[in-house]
Amino acid sequence: MHLEKYLERLLPLVQKPARYLGNEWNAVKKDHCTTAVRMALAFPDIYEVGMSNLGLKIIYEIVNRHPEMLLERVFAPATDMEDLMRQNNLPLFTLESWQPVREFDFVGFTLQYELSYSNVLNMLDLAGISFYSEERSSGEPLIIGGGPCAFNPEPLAPFFDLFLLGDGEEALPEILEQWLALSREGAGKDEILASLSAIKGVYIPGFYRPFYSAGGSFQGLEKLHPSAPGVVRKRVLRDLDRAYHPIAPVVPYVEAVHDRGIIELFRGCGRGCRFCQAGVIYRPVRRRRPGTLKKIAREMLRTTGYDELSLASLSSCDYPDIDQLISDLNTEHLAEKVRFTLPSLRLDSFSVGLAKQFHQGRRGSLTFAPEAGTERLRRVIGKNISEDDLFSAVADAVSAGWSSFKLYFMIGLPTEEDDDVMAIASLCHELRRRIKSEQGRWIRLSVSVATFVPKAHTPFQWEPQLSMDEVRHRQELLRTSIRRLGGINLSWSDPGSSFLEAVFARGDRRLSPLLERAWQKGCRFDGWSEHFSLQRWLDLFDEMKINPEDYAYRRYGEAEPLPWEHLGSGSSKEMLIREYRRARQDNPSLEV
Amino acid sequence: MMDRIRFRYACGKELRYLSHLDLLRLFQRAMRRARLPLAYTLGFNPRPKLSLAAPLPVGVTASKEYGEIFLVEPVSPASFRQRLGEQLPKGLTLTGAVVVPVNEPPLASVVNAALYRAAWKSSRPAPTDTMLQKALDKLLAQPAIMIRRFGKSGKITRQNIRPYIFSAELLTSGEQDPALRLLLQVGSKGGVSPSRFLEQLALKGDYTGGEHCWCVHRQGLYIYRECLIDPFPEGGETLDG
């Protein structure tokens with residue numbers, strides 16, 4: 001199918017047509033006729049968001065360096081492009097070759113956040129691919145999913161043929177290779193899936209069927225296939241230092257949300273914050289050696305021409321000798337004026353030394369995440385930092401020349417009371433006042449407040465989410481206290497989207513028909529405030545006779561079977577329960 | 001000691017959808033990959049001293065565009081062209097490079113005219129030469145052509161674009177689809193894009209089809225005083241590709 005003729009006509013009519021060109025620097029264009037396995041990597045959000053994702057960059061190079069495989073990107077088209085595609089019967093296409101997605105052997109969705117699920121269905125529909133796995137013929141691509149949401153993908157289960165849990169570097173090429181061998185022998189879809197289920201990390205949702213009590217509670221899963229493991233264990237890449245790291249990522253023409261190179265210092269996080277899903281699913285901590293990182297930086301700068309490299313991980317300040325690493329990188333790349341940045345900073349491991357390393361390339365503000373306003377509540381959530389940590393980190397940064405700071409907090413945390421929320425305001429105020437009295441200058445503070453969402457596989461997976469009304473009340477409380485004190489810029493997340501996120505984060509397969517209905521009703525880009533409509537979702541829950549509060553607001557029982565328990569994150573239920581109970585006793589969480 | 005290189009490039013259809021900022025970023029990164037000894041601005045956020053003569057409207061291809069870059073060490077124009085050329089994506093071609101005095105005013109401040117060729121390219125029936133000529137005459141006879149511009153904050157302002165139209169003429173085509181030759185003002189003292197011109201022209205014509213029915217190519221950028229002056233100095237070392 002030749003889409004070029006159509007696209008030439010449509011591209012002049014859309015916003016930012018360069019999103020759809022696919023001819024960026026370092027884009028890999030392989031010959032479709034001579035490549036045995038073809039995969040489309042689908043990111044269910046717009047180009048600028050997807051192009052900032054590290055996982056996508058890793059998978060892109062890992063697959064494309066294999067001579068028998070090709071992987072091309074596709075993002076959710078913006079709504080103006082979608083309208084034109086539908087009017088002109090233009091199917092969803094990959095960027096590199098402008099080939100229809102449905103002609104690929106695999107379509108891999110990266111599942112980063114629950115609010116992108118409606119986009120997954122919309123992209124399948126635009127591609128002309130049947131939604132349900134059991135309805136897809138062997139002529140249609142295998143639909144696979146990975147990323148953090150694959151650890152509870154149950155609301156998406158019937159739409160996918162396979163999920164991959166954990167690290168994809170080794171597992172994805174194994175899946176593609178095995179598929180190739182089997183399809184050359186003429187194996188059917190069932191046979192292929194059965195064989196793939198033996199690969200560690202692979203979850204075939206069609207091999208399990210949930211059952212529910214008469215009262216409607218989830219009771220467990222029944223295995224439908226002899227080769228389905230009772231618990232699917234996540235895939236763990238043992239040696240990150242020797243694993244392939246992307247060195248020639250695609251350099252976007254359109255400005256990406258994070259328009260810079262990314263170097264992954266380590267995977268996993270040694271902290272044990274009880275709300276954090278990433279902290280559990282990316283365990284254990286695996287580091288790259290400084291020498292490896294410097295070599296990657298050198299090569300990436302040469303292949304991309306970036307002037308900024310982000311030293312990424314879940315907690316980059318915890319990298320041993322991070323000061324030394326940044327200092328070495330700064331020295332080596334001094335003449336090229338490269339900035340090395342850290343995505344977010346840990347209050348208790350931030351130092352004057354580190355603050356100074358950023359000095360020459362600073363811009364904007366420094367970001368810290370205290371998460372809660374009182375030390376008591378920070379102990380409950382396992383974020384064990386003190387007020388002194390915050391004051392001294394900011395003071396250090398101010399003495400190194402910084403004047404603008406961003407602080408992340410959460411509202412609705414377990415055991416939180418109004419006082420904890422108002423403490424956010426007084427903490428910020430006190431911080432500004434102390435810096436002014438000690439260092440003689442007012443700092444600029446931006447405070448960003450998210451709503452707590454209980455996530456599967458965390459010690460807080462049993463906790464109820466705070467009701468939307470109560471969240472609004474506490475947000476108002478905070479707004480009033482902050483406004484009264486002045487000098488602080490406050491932003492907050494929409495309680496409605498956090499509610500929907502909570503429903504899907506602990507969702508089960510009964511939400512799948514709802515998701516399909518939501519797509520029919522026009523839901524897409526639910527993570528974007530300009531497209532999200534809470535009322536539309538509430539109407540859908542009514543229509544489908546599903547009580548969303550059962551998912552979001554309920555305290556789950558410790559003995560209750562959970563819809564994601566057949567998916568192994570690596571942390572035992574006993575450990576999670578222990579942490580869950582400890583949180584209520586204000587004990588600091590045990591560090592791993 | 002600083003060095004200043006003026007370069008000329010063509011932008012093909014592969015990259016015609018890039019915005020001005022996209023193109024600036026592209027050149028910056030290509031120059032960094034080429035390891036050119038770039039001179040940077042001072043301050044906390046050093047940037048290469050790179051400028052492009054005049055923003056190319058999105059969707060328009062071009063054959064003679066210009067840019068300038070400051071270097072901290074001399075690089076011969078031939079070497080500059082080779083090293084940068086290797087780092088440019090398909091769709092961008094360097095067609096010349098020349099050393100210019102450091103103290104000359106920036107190109108962006110002197111280039112004030114752009115020559116376009118607009119050719120009808122649409123499934124809609126093309127207007128006849130007579131229809132177009134009539135529309136041109138009607139449009140250009142107006143002492144003022146007022147258009148609305150949408151500002152960043154949603155504010156609408158009205159603007160007269162008549163002074164920015166130096167000339168607009170029909171290229172007699174015979175049997176082919178019609179084409180226009182437009183010389184329009186660009187730059188800091190105001191200007192009009194070919195799409196706004198074509199939109200206004202359609203309003204005066206007895207045909208349907210605004211700016212999206214035309215395929216526009218920018219043939220050159222000039223310093224327009226009494227005559228059109230090419231921004232590449234006479235006798236400078238240029239390497240035509």
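**Exercise 1. Domains of chain A**

Task: State how many residues of domain 1 of chain A are in contact with how many residues of domain 2 of chain A, and describe the domain 1 side.

Solution. 
- Step 1. In this predicted model, 24 residues of domain 1 of chain A touch 24 residues of domain 2 of chain A.
- Step 2. On the domain 1 side, the elements that give two or more residues are α2 (47–50), α3 (54–64) and α6 (168–184) of chain A.
- Step 3. The largest share, six residues, belongs to α3(A).
- Step 4. Sorted by class, this side of domain 1 has 12 nonpolar, three polar and nine charged residues.
- Step 5. To place the two parts, note that domain 1 of chain A covers 4–228 and domain 2 of chain A covers 236–343. Their C-alpha centres are 26 Å apart.

**Exercise 2. Domains of chain B**

Task: Find which strand gives the most to the side of domain 1 of chain B that touches domain 2 of chain B.

Solution. 
- Step 1. Chain B is assigned domain 1 (3–109) and domain 2 (113–224), and the centres of these domains, taken over C-alpha atoms, are separated by 28 Å.
- Step 2. The contact joins 12 residues of domain 1 of chain B to 13 residues of domain 2 of chain B.
- Step 3. On the domain 1 side, strand β3 (residues 61–71) of chain B gives the most, with six residues.
- Step 4. The classes on that side are seven nonpolar, three polar and two charged residues.

**Exercise 3. Contact between the chains**

Solution. 

**Exercise 4. A pair of helices**

Task: Describe how helix α9 and helix α10 of chain A pack.

Solution. 
- Step 1. Two quantities are needed, because a packed pair of helices is described by the angle between the axes and the distance between them.
- Step 2. For α9 (residues 290–304) and α10 (residues 322–332) of chain A, the angle is about 35° and the axes are 11 Å apart.
- Step 3. The crossing of α9(A) past α10(A) is right-handed.
- Step 4. From α9(A), the residues A:Pro290, A:Leu293, A:Lys294 and A:Ala297 meet A:Leu325, A:Asp328, A:Leu329 and A:Glu332 of α10(A).
- Step 5. Five residues of this contact are nonpolar, none is polar and three are charged.

**Exercise 5. A hairpin in chain B**

Task: Say in which sense β6(B) and β7(B) pair, and over how many bridges.

Solution. 
- Step 1. Strand β6(B) and strand β7 (residues 156–160) of chain B pair in the antiparallel sense over five bridges.
- Step 2. Opposite B:Ile147 stands B:Gln159 of β7(B).
- Step 3. The hairpin has five residues between its strands, and B:Gly154 has a positive phi near 85° there.

**Exercise 6. A sheet in chain A**

Task: Give the strand order of the four-stranded open sheet of chain A, and its edge strands.

Solution. 
- Step 1. The order is β15-β16-β17-β18, with parallel pairing.
- Step 2. The edges are β15 (366–371) and β18 (488–492) of chain A, each of which pairs on one side only.
- Step 3. From one strand to the next, the twist averages 20°.
- Step 4. Within the sheet, β16 (residues 404–411) and β17 (residues 444–451) of chain A pair over eight bridges in the parallel sense. A:Tyr408 stands opposite A:Ser448 in β17(A).
- Step 5. Helix α15 (residues 468–485) of chain A lies across β16, β17 and β18 of chain A and runs at about 170° to β18(A).

Key. Residues numbered from 1 in each chain as written. Chains lettered and ligands numbered in written order. Predicted model: local features only at pLDDT ≥ 70, side-chain atom pairs only at ≥ 80, totals over all residues. Domains from an automatic or database assignment. Contact = placed C-beta atoms within 7 Å. Nonpolar A, V, L, I, M, F, W, Y, C, P; charged D, E, K, R; others polar. Axes fitted to C-alpha atoms, helices over the stretch in contact; angles between N-to-C directions. Left-handed = near helix turned anticlockwise from the far one by under 90°. Pairing = 2+ DSSP bridges.
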